[in-house]
Amino acid sequence: MKTGDRGRVDLDSEECKGCGLCVEACPPKVLALASHLNRYGYHPATYSGEGCTGCGICYFACPEPGAIVVWRLKAEARPVAQAA
Ligand code: SF4
Ligand code: SF4
């Protein structure tokens, strides 16, 4: 995960059926289908590791319960103004 990312996505490769719907739906295109196969013979979705916004679109696009969990991260506390 990169500092400043607003979200994180956890993918369970053994629940994934490799349909690619999440890959197509992700706005910043941070998901891809792996070249390897899971134990059911599907290419599972993988996360690039950075750039997730926590939007949740992949979660709602996925037909497999339990394949995707999306985390929204709290914004870092930043000062809105600095004292002179
Ligand atoms: S939560 Fe949004 S940005 Fe993150 S992987 Fe899913 S669709 Fe992409
Ligand atoms: S939408 Fe779900 S089942 Fe389809 S590739 Fe993505 S994680 Fe796998």
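## The shell around ligand 1

By class, twelve residues of the shell around ligand 1 are nonpolar, four are polar and none is charged. Here Ala, Val, Leu, Ile, Met, Phe, Trp, Tyr, Cys and Pro count as nonpolar, Asp, Glu, Lys and Arg as charged, and the others, Gly among them, as polar. Of the 16 residues around this ligand, Cys 26, Cys 52, Cys 55, Ile 57 and Cys 58 come nearest; a residue is near a molecule if its C-beta atom, placed from the backbone, lies within 6 Å of it.

This is a predicted model, in which local features need pLDDT of at least 70 and side-chain atom pairs count only at pLDDT 80 or more, while totals for chains, interfaces and linings use all residues. Residues are numbered from 1 along each chain as its sequence is written, and chains are lettered from A and ligands numbered from 1 in the order in which they are written.

## The shell around ligand 2

Ligand 2 has 14 residues around it, and Cys 16, Cys 19, Cys 22, Ala 45 and Cys 62 come nearest. This shell divides into ten nonpolar, two polar and two charged residues.

## The nonpolar core

The largest nonpolar core has eleven residues, among them Val 9, Cys 16, Cys 22, Ala 45 and Cys 62. Such a core is a set of buried Ala, Val, Leu, Ile, Met, Phe, Trp, Tyr and Cys residues joined through C-beta atoms within 7 Å. A residue is buried if 20 or more other C-beta atoms, placed from the backbone, lie within 10 Å of its own. Of the 84 residues of the chain, 14% count as buried.

Terms used
A residue is buried if 20 or more other C-beta atoms lie within 10 Å of its own, exposed if 12 or fewer, and partly exposed in between; C-beta atoms are placed from the backbone.
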